[in-house]
Structures are given as C-alpha cells and as structure tokens.
Amino acid sequence: MTELIVPAQTGAPAAESGLMVRAEQVHKAFGPLEVLKGIDLEVRAGEVCCLLGPSGSGKSTFLRCINHLEKINAGRIWVDGDLIGYRERGGKLHELREKEVAAQRRSIGMVFQRFNLFPHMTALQNVIEAPVLLGRDRKASARERGAALLERVGLGDKLGAYPGQLSGGQQQRVAIARALAMQPKLMLFDEPTSALDPELVGEVLDVMKDLARDGMTMIVVTHEIGFAREVGDSLVFMDGGVVVESGAPREVIANPRHDRTKAFLAKVL
Amino acid sequence: MPVRHPGRWLAVAVLAVLAAMFVHLLVTNDAFDWAFMVDNMFRPPIIEGLLRGTVLMTVSAMLIGVTVGVVIAVMRLSDNPILRGVAWLYTWFFRAVPRLVLLAVFGNIGILWSRVEFGVPFDTQLGQLFGIDNLHLRLFGFSSRDILTGFMAGLLGLALSEAAYMAEIVRAGIQSVDGGQTEAAQALGLSRGQTLRRVVLPQAMRVIIPPTGNETIAMLKDTSLLLYVPVSVELFFQLDAVGKRTFQIFPMYVAACLWYLFLTSILLVGQYFLERHFGKGHGTAGRARLRLRGMTAETGGGGNSGMVGPS
C-alpha cells in the first residue's frame, strides 16, 4: 500500500456537473523520467476528446492512468465522480485493493494500439469472455448480445473467426466490440489506428464515429487530425508531459496559438 | 530431365546393408533367447511393477509435479519478494540435487523421524518456558514406516524434483505471453486470478505442453531409479530380478527396452493431440510447432536426463 499526502480536496468532482472525467494535477514518473508534469483535463459526458501530440509527450501514459493501468504519483483522476485507484480518508490517499480497481475498470472500456485480442478465443468468445466471467450476463444472452455487437461493427459474419484469421482493421473492430460488451460509461482509445495499414484505417474510424454519434464519452489518443476535426468536441495538445493548449478542434487546428502546436500540426497536416 | 539423387540411393544401399546385419544379429545370436524373453516379460510381478511402479508413479508424480510447479512459477513471478525468494530457493535446491540422490535421501528419511506428527511447533520447548515438562500439543501423527513406504518416499522425491523443472517451464510459458494480453484483461476488469486462468495460462500452454511431454517421458524413464529408494514393485526392478535369478540377463534388458519404447510411444501420441488442442487460433501452427520442437530439444528433457545420468 502506498500513501500519497495531498492537499485537501478542492472543488467538487461531482458527476451532476455533467463531467465524466476530471483530472487534476496528474503527475507520473518512471524512475527519474518525469512523463506527466501536472495534467488537468475535463471531459463532459457524451463528449469526444482527442489527445494530440508528438510521441513521448505522455498522452498514452495519461490515458493509461485514467483506468489505473499506470499508477499516478500525484494528483487525482475522477471518472463519473469516482476517484480512480485511491480512496481518500483523512486527507490521505490510500491505494484501492486489486478487486476494487478491477471493479472501477469495468465501466471504462479501452482499445489498444495493438488490439490485444485473446488469440486463443474466437471473435465472439473475445467479446463475451468478460461479461460471462464477471457474472454480468448468462452465456446464452451474452452470445446474443455479443453477436449483435459484432454485427454493429460490421463483423456479423466473423463470429467464429480467430484473431489470427482477421485483418488488422477487423481485429480492432472486434476489440472495440469487446470493450463495448461491458457497457462502459467511457471509452479510451490508445492510437487505435496507428498499427493499421492505411486502407484499413477508415473502417475503424467509421465505427468510432458511429459510437460518438450514439453519445459515448470517448478519449482518443490519435494522429488522425481529420478524425479530431470531424468528430472531436475538444482537442488537447500535449507536449513534454504538459497540456500545451486545448479547445475546440477546428479552432486549435486552424489557428494554433502555441509555437509547439504550430510546429506539430505543420508536420502532420 | 528429372533431377538425379545418386547420394540418396547410395545412402539407401548402406542403410539396407546395416539393417540386414542387425536383423541377422537378432535372429542368429543365441544370447537374445527370444522365446525366454516373451515367456517372461508378461509375468504377473512384472505387469504389477509396470502398472504400479512405472505407470501409476509417472501419472501421480507428474500430477503433483505440474500442480506444485504452477504454484512455484506463479510465486516466482509474483510482486512479493518473499514468495519470489522461497520459489527461487525451492527451484535451486531441487534442480541442484540429482534425482538419484534425492530418491536415496527420501528413501531413508525415516532415520530422521520415527514418527511424523502435526501440531504446535516447538511445543516441548514452549512448555519448558512456562515450566511444563514434556508438553505435547500434537493433533495427529503417523509412524514413518506407515506413511513413508517405498512408494510414498519415491513419489515424494520424484514429484518434488519434477515440480522444480515444471516451475521453470511454466515460468517460461507465462513470460512468453505478450504483456498486452494481461493489460487487455485488466482493462476489462478481470481480477489477477481470472487473467491468469482464462487469458495467460491457456496461451502459455502452447509453450508449456511440448517440454511437459518431454518431462513426462523423462519421468517415465526415471521411475527406473526407484531402485534406490528402494521400491521393488517397479518394471525394471522386476525385469532385472528375473534376469539375475535365471542368468538370462540380456533378454530381460531387451524386454525392458521394448516395454519403455511401448510406453513412451503411447505418451507421444497423447502429446500430439494435446499440442493440437492448445495450438487453437494459431493459423501458422506448423511453423510454430517446428520452432518449438527445436527449442524443446535443447531445453526440456535434455537438461533433465543430463542431470540424472543413468536414466
């Protein structure tokens, strides 16, 4: 158990304010390497937030802190009003037990750059594994819902296929369906199209657009400027472990205020 | 023009001659005494030794060995430094001591204790502290002679030593699974145990099964070491006894070779089906299996029989 001493709580992390995610002064270091140097972020329910930045800027690390795959060294993150990874008692933060962390993660879906599908299970088994194992659903109804989810991402004919028999784009769509099967309140996307051949990027982005239209709250680490402009409600540009600038995507992309943002956008556009 | 392979034809000719010589030896040399061998290799004591000392012992020792091995491997990979240390110490000890020596030690462990009892540790010493003489806080106990029969002592020695090898094999298997798999399972909200059981171990199996097959075959052969416990209800002990009693040693040794060949062949068939089952979802299984075979030939059973020597 690690304990962090932090100043008394400032402001309410209340869910009723419509905030799905709220991060406050998040710090993360790997040994002597400081990766996050105080990140503040607010994402409203139903919003799509795109995190942009050069590699090594800490955007993926920050994303992984939101579902406690990385432990933060200081600061706090709330998802839907719940403090992630810690319990506050008497001004001190106590790390949650493994089971409690696992319970928190169930309402946060995550999609990885390299898909990370379970290779020994078929597409359908990948999707229903967690809901069945965690007692969310009976096997029969889970299969029905899983098939419907795969149908939704355009893979209704691939239920019995193993990940090794699917293209990258298809695998990533199965991964999205797998995350959705837990009926999350929030979806985290960690460079979901970076490992894909260019002609497969579109099919994954289409599924994500569809999700956004349905009102899913999403945080997307991406290099797809077009996606950020078209689908994003907010854009956060990170560099060197800090948020350099943020705002409406069209605004930031069209008129970046900061030199670093300008330099980055000049390279990727 | 078809391609000619004169080298192959030459090799076939050489092999044909060698095979003919071998068959000639088998048929003409009286020392083989095939009739005697066939008459004696199915005698009841030999079959009993085969079933109990060889087959039952292999199955039991491997079951215990694999179970304990998985536990030790998980301990070895744990975040807890104490568990890691204990697991390391276990593996170190049981891999360092040859199986033959281990079996001799376990066979004679009754010298240390005449009774094996369970209760409060250091009870007499604690009693002394509080002024009570001969305090005995024991729940139950057995006479060493009852519990540490030859079979049990041999089983203990083989199983505990096997667990050390299995721990290393399982550890390698677990480590071969991509870290992204654990992260994906955790992100879905699975607990550590569920992740291990449902995601990591089934994938590790693909790496674990082939060397485990080798271990099982090595174990089958190592049951012949039970002679040093001593365990007399065992295949080789019985065949050897018949040979020595009748002065027909060689036919009985040939019978031993044939029995072990037969049993090992059965295990190989089982291994094939297990590998196929756990290779699910890996389209390029053929290539993967080839690569695995190459690996296990160097690591798995090789190190084992190297340590034990006369297996």
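Modeller: The model is predicted, and local features need pLDDT of at least 70, with side-chain atom pairs counted only at pLDDT 80 or more. Residues are numbered from 1 along each chain as its sequence is written.

Colleague: What makes up chain B in helices and strands?

Modeller: Chain B has 14 helices and two strands; these are DSSP runs, of at least four residues for helices (H or I) and at least two for strands (E), numbered from the N terminus.

Colleague: Why is H10(B) called roughly antiparallel to H12(B)?

Modeller: The axes of H10 (residues 192–222) and H12 (residues 249–278) of chain B come within 10 Å and cross at roughly 175°. Angles over 145 degrees count as roughly antiparallel, so H10(B) is roughly antiparallel to H12(B).

Colleague: Which residues make the contact between H10(B) and H12(B)?

Modeller: With contact meaning heavy atoms within 4.5 Å, H10(B) contributes residues including B:Met205, B:Ile209 and B:Ile217, and H12(B) residues including B:Leu263, B:Leu267 and B:Phe278.

Colleague: Why does B:Leu137 count as partly exposed?

Modeller: Buried means under 20% relative accessible area, exposed over 50%, and partly exposed in between (1.4 Å probe, protein chains only). B:Leu137 has 40% relative accessibility, so B:Leu137 counts as partly exposed. B:Leu137 lies in the loop between helix H6 (123–129) and strand S2 (138–143) of chain B.

Colleague: How much of chain B counts as buried?

Modeller: Of the 311 residues of chain B, 38% count as buried.

Note on methods. Chains lettered and ligands numbered in written order. Heavy atoms only, no water. Axes fitted to C-alpha atoms, helices over the stretch in contact; angles between N-to-C directions. Parallel < 35°, antiparallel > 145°, perpendicular 65-115°, else oblique.
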